[in-house]
Amino acid sequence: MDYILALDQGTTSSRAMLFDAKARVCALAQQEFAQQFPRPGWVEHDANEIWQTQLACARQALTEAGVSPGAVRGVGISNQRETTVLWSRASGQPVAPAIVWQDRRTAEVCDRLRAEGHADLIRARTGLELDAYFSATKLAWLLDTVPGARVRATAGELAFGTIDSWLVWNLTAGACHVTDASNAARTMLFDIHRQQWDDDLLALFDVPRAVLPTVVASSGVLGECAPAVLGAVMPIAGVAGDQQAATFGQACLAPGMAKNTYGTGCFLTLNTGRGPVESQHRLLTTIGWQRPEGTDYLLEGGVFMAGAVVQWLRDGLGLIRSAGDIEALAAQVPDSGEVVMVPAFAGLGAPHWDAYARGSLMGMTRGTTAAHIARAALEAVALQNVDLLTAMAADGAEVKELRVDGGMTRNNLLMQLQADLLGVPVLRPRQTETTALGAAFLAGRAVGVWPDDAALAAHWQLDRAFEPNASADRREALIARWHKAIERNRGWADGA
């Protein structure tokens, strides 16, 4: 039997899944790790803790499945994107905490660059909005702030990478400093049209080329795990950012197919084929995956808070004891009782792009209960995605149905709310862990476990279709109230 080991490194946990040649899960291991919030708007991770939890999960999955490391045909990696790590090439140790994609410390730098007129160049080359979300300003901040970092980086002594690069470096015992095209496309330093690091952007952000990883294909053998790491030499054959991997795992392999992943954030992607589509409504144009036969592009909208909202209800407010409790709590009431939650805890993502928006609960009365707040939280997740699909439709990319994945899709109430608010069917597959599956598919195609894309698509199976059943009037009223609340949150923390 052929096996593929998928490493799924997320924002709040590291996971490893072992798949067989029929795309069945043979084992799954998961470990959470610490979230650090040293200042308001700052979010950091310990890169060593990320590596140690990911390594432990990989070893645990192999042990639980009873599979010899030598039976693994390839390793695939998916990762939280944009999170920025800077480390010493000599010691392999980070020189500072990793700056997480949610971090807003460089929002003012982005404001200055926008005022100087650089936003159009950045969008034209990278397909991205000028925002603190992406890696470039995070890396520049580290180079400017860590003592001696800029001199060391220019001399080639430091290595920058997103989490995929960090994992590959450790898996190969420092032999490979690489990133794939899908992750490079999220740095705000990469020209997605010429598919290479861009000299003008490197100069703009004052990033020395010597610190950058080599860009490789998303599907293809890029290196080998050192035998001491997982017990055998294993080809690392697939790498993609988590949303690109999930799109691939959902078998959205043809133009016009769309998926939405409900994780810490929510990320909706639409396959646009071999050509990038420039958004006129502040969505992102990005690389989906690069393979020997060509590069596929995506149109993407991302919201920063989805599962993280449920975590906040659990850990911050204590309204629920576990994340799974929110569905039962929200189901105690037929609606949110006019309560609206805007979960802009880290600003607003697409299509608003407001780094200074902040979270709020509005419309509460003495009759408001925990159940109303829970339901408002689920509505907020769904309503953020309505804004994304509306923007896609305005860009001429109307979505007829939406494939969904991620942990929150187990929440039937949320999925029905999503269908009702979007007005299109929401399709949940049997395998909702499609991020890891996509990493496995990319690696498996490279090493011959699956012969072609049709073999991948054959593994996609429907679990349940959620059909919209809300009236148009009801849907429009909820959306209008949501937009009213959004306007009251915009620019809250801008100092004005």
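User: By class, how many nonpolar, polar and charged residues are in the lining of the second largest pocket?
Analyst: Ten nonpolar, seven polar and six charged. Ala, Val, Leu, Ile, Met, Phe, Trp, Tyr, Cys and Pro count as nonpolar; Asp, Glu, Lys and Arg as charged; the others, Gly among them, as polar. This is a predicted model: local features need pLDDT of at least 70 and side-chain atom pairs pLDDT 80 or more, while totals for chains, interfaces and linings use all residues. Residues are numbered from 1 along each chain as its sequence is written, and side-chain values use heavy atoms, without hydrogens or water.

User: Which residues lie nearest the centre of that second largest pocket?
Analyst: F37, V43, Q102, M305 and F345, out of 23 lining residues. A pocket is an open set of points on a 1 Å grid over the protein atoms alone, where a 1.4 Å probe fits, with protein on both sides within 12 Å along at least five of seven lines; lining residues have an atom within 4 Å of a point.

User: And what volume does the second largest pocket have?
Analyst: About 590 Å³. That is the space filled by probe spheres set on the points, which are joined across faces, edges and corners.

User: Which element gives the largest share of its lining?
Analyst: α11, with six residues. Helices (H or I, at least four residues) and strands (E, at least two) are DSSP runs, numbered from the N terminus.

User: OK, the largest pocket. What is its volume?
Analyst: About 970 Å³. It is lined by 41 residues, and Y262, G263, T264, G407 and M408 are the closest to its centre.

User: Which element gives the most there?
Analyst: α11 (307-316), with five residues. Others that give two or more include β1, β2, β3, α10 and β15 (258-262). α12 (326-330) and α15 (434-447) are also on that list.

User: How many nonpolar, polar and charged residues in that lining?
Analyst: Nine nonpolar, 21 polar and eleven charged.

User: Switching to the sheet. What's the strand order?
Analyst: β3-β2-β1-β5-β14-β13, six strands in an open sheet with mixed pairing. Two strands pair if DSSP finds at least two bridges between them.

User: Which are the edge strands?
Analyst: β3 (25-32) and β13 (219-224). Each pairs on one side only.

User: Inside the sheet, are β1 and β5 parallel or antiparallel?
Analyst: Parallel, over seven bridges. β1 covers residues 3-9 and β5 covers 72-79.

User: What stands opposite D8?
Analyst: S78, in β5.
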